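Here is a friendly tour of one structure, taken a piece at a time.

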Amino acid sequence: MALVSLLDVSLSFGGAPLLDRVNLQIERGERVCLVGRNGAGKSTLMKVIEGEMKPDLGQVFRQPGAVFSTLRQEVPVGLTGTVRTVVEGEGGSYEEHNDWERHDRVERLLEDMGLPTEHEFAALSAGQKRRVLLARGLVEDPQLLLLDEPTNHLDLASILWLEEYLLKWGGALLFVTHDRAFLRRISTRIVEVDRGKLVGWQCDYDTFLGRKEAVLEAEEVERAQFDKKLAQEEVWIRRGVKAQRSRANNRIHALENMRAERASRRDRTGTAKMTAQEADRSGFKVISCEGAGFRYEDRWIVRGLTTRIERGDKIGIVGPNGAGKTTLLRLLLGQLTPQTGTVEQGTRLEIVYFDQLRAQLDESMRVQDAVADGNPTVTVNGRTRHVISYLEDFLFDPTRARTPIRALSGGERNRLLLARLFTKPANVLVLDEPTNDLDAETLELLEDLLVEFGGTVLLVSHDRAFLNEVCTSLLVFEGDGLVSDYIGGYDDWQRERAAKAAALAAVEEKAKREAKEAAANEAANLSAKKQRKLSNKERAELEALPKKIETYEAEQQILTAKLGDPLFFKKPATEVTQATVRLHEIEAELARAYARWSELE
């Protein structure tokens, strides 16, 4: 028996139905991803499935006794208490219900997700709150888990942990996500919400994209043929009916059906048309840092940063939540003064900033006023346009353009901020988490725009696919204020990290093996040799050993200092590896020298 079944379900809010006689079944163990444009009805469908919203028509069947748990996009208002009490929920004491399995799940989730158990929930960041609420849902051990944009505000480590957890978890999953890497790894089936209908795709995401494109092309051809036939029939009816009566009546009836079909047709939501307004070119040097550092009280946020950003670079900034990514942006842009080292901005910089907290939006303003500052027109790349027409490029119809900002969804707010952003001439775009809540098609359009943008891009994001497509290099927070440069996108960074880790592990293993073999050989030699007087050659060797040991220790001290300097790791990987190998060789040589000294004495 399916966990949940929808039979001919319809639901509307006054206009065209969001759900139009849809059918769906979710079985145990499935991981179903809902895809579709912003506003297509994905979140509404999830609310119908969990029972929060009742359909206008049709039936919803849920398996008796099955537990459903939901993580929504929005953090519930008024939720208070410590992290532990929020995660525990309203289950009561473990002793009262003898539910020690639930107690173990709470403890395991708190530890695995790195949650600050005694901190007040209300004081947490948006990302931390999402992790707490996810843990709260998982504690219930549901048979069906519903996740609405689960990766929003999560850092990469949390996203990767969530992927591993869900892949090992045995329950069914229904989720909505804009994170294409997450979708590719997690989903076993894709269900698309498109113009009120549900279409199932039993394939991976990339295959879905190809098949969907083919279906849309076929639909366009079919509609063009239908419209041509309808136009011909309209011409015929206007000329007057001259055929036999019965034959003419059939043709008139068919025409009426065609008119009704055409009137009920629902066209796909258009694609946004984003164009960045480029300012005059900046100087070739955009930002340079030399040993730059910044700290709050006794904690280094950035330490010893040396890098150079040049015109046309697309720089991704990556790190855990709370590492200091926004602080690094402010340091690079000159909004903060470094406490050590220097940060210099180049000439002729025109900077436009996309704020992840949407602080640039006044909730009381209308959409059109937020874009044009109350003016009826905007000028983009020398062309003056009415603000309503400009907003249509970002998928706001005239009615929506006159709506207060507080009524917008998360995806609409992001599109509005992008619309506002691109009215301003810029040669440096600073984007702090721009991908949250955007649908896949708008994300891909934004990717193309940033890749083709002639200026410089500074981008904070946890979206791996987005980082791969856009970035030419990454600045990665690696702990204790250390920020390292990596060439390429997310996958390039992961490959380089893996190669470095493998090389260092191999060097360390070789050094340990050689030291162990040397010690064993020395021990064998000592036990085999009888006590005897030293030869002249051995006496000379004994006299030379202190100097030899002193030379080794001096070189060891120099290499240790080098490898302790974060700036040294910005040198080519081969140089770092050579230094590490030499250090381990010296350690082995010292062990042999000391053993030989002991033997000769």
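## Two crossing helices

Helices α8 and α9 cross in a left-handed sense. This is a predicted model, so please read every value below as computed from it. Helix α8 covers residues 205-239, and its axis comes within 10 Å of the axis of α9, with a crossing angle of roughly 130°. An angle over 145 degrees would count as roughly antiparallel and one of 65 to 115 as roughly perpendicular; α8 and α9 are therefore oblique to each other.

Which residues make the contact? From α8 come F226, D227, K229, L230, E233, E234, W236 and I237. Helix α9 brings A248, R251, I252, L255, M258, R259, E261 and R262. Sorted by class, the contact between α8 and α9 holds eight nonpolar and eight charged residues, with no polar ones.

## A closer look at R259

Once its neighbours within four places in sequence are set aside, R259 touches L230, E234 and I237. E234 is 25 residues away from R259 along the chain, and the C-alpha atoms of the two are 9.5 Å apart.

Is R259 buried, exposed or partly exposed? Buried would need a relative accessible area under 20% and exposed one over 50%; R259 has 38%, so R259 is partly exposed.

## The six-stranded sheet

Now move along to the sheet. In what order do its strands lie? The open sheet has six strands, ordered β14-β17-β18-β12-β19-β20, and their pairing is mixed. At the edges stand β14 (351-354) and β20 (483-487); each has a single partner strand, so one side of each has no neighbour in the sheet. On average, neighbouring strands of this sheet are turned by 15° against each other, direction ignored.

Helix α14, residues 410-421, packs on the sheet and touches both β14 and β17 (428-432). The direction of α14 makes about 175° with that of β14.

## Strand β19 and its partners

Within this sheet, β19 (residues 473-477) pairs in the parallel sense with β12 (residues 314-318) over four bridges.

The pairing of β19 with β20 is antiparallel and has five bridges. Here F477 faces V483 of β20. The two strands make a hairpin with five residues between them, and G479 in the turn has a positive phi of about 100°.

How many residues of β19 are buried? Five of its five are, which leaves the strand mostly covered. S473, L475 and F477 point one way from β19, while L474 and V476 point the other way.

## Another hairpin

One more hairpin is worth a stop. Strands β8 (residues 189-194) and β9 (residues 197-201) pair in the antiparallel sense over five bridges. I190 has W201 of β9 as its bridge partner. Two residues lie between the strands of this hairpin, and R195 takes a positive phi near 55°.

Conventions: Residues numbered from 1 in each chain as written. Predicted model: local features only at pLDDT ≥ 70, side-chain atom pairs only at ≥ 80, totals over all residues. Heavy atoms only, no water. Buried < 20%, exposed > 50% of the residue type's maximum accessible area, 1.4 Å probe, protein only. Contact = heavy atoms within 4.5 Å. Pairing = 2+ DSSP bridges. Axes fitted to C-alpha atoms, helices over the stretch in contact; angles between N-to-C directions. Parallel < 35°, antiparallel > 145°, perpendicular 65-115°, else oblique. Left-handed = near helix turned anticlockwise from the far one by under 90°. Nonpolar A, V, L, I, M, F, W, Y, C, P; charged D, E, K, R; others polar.
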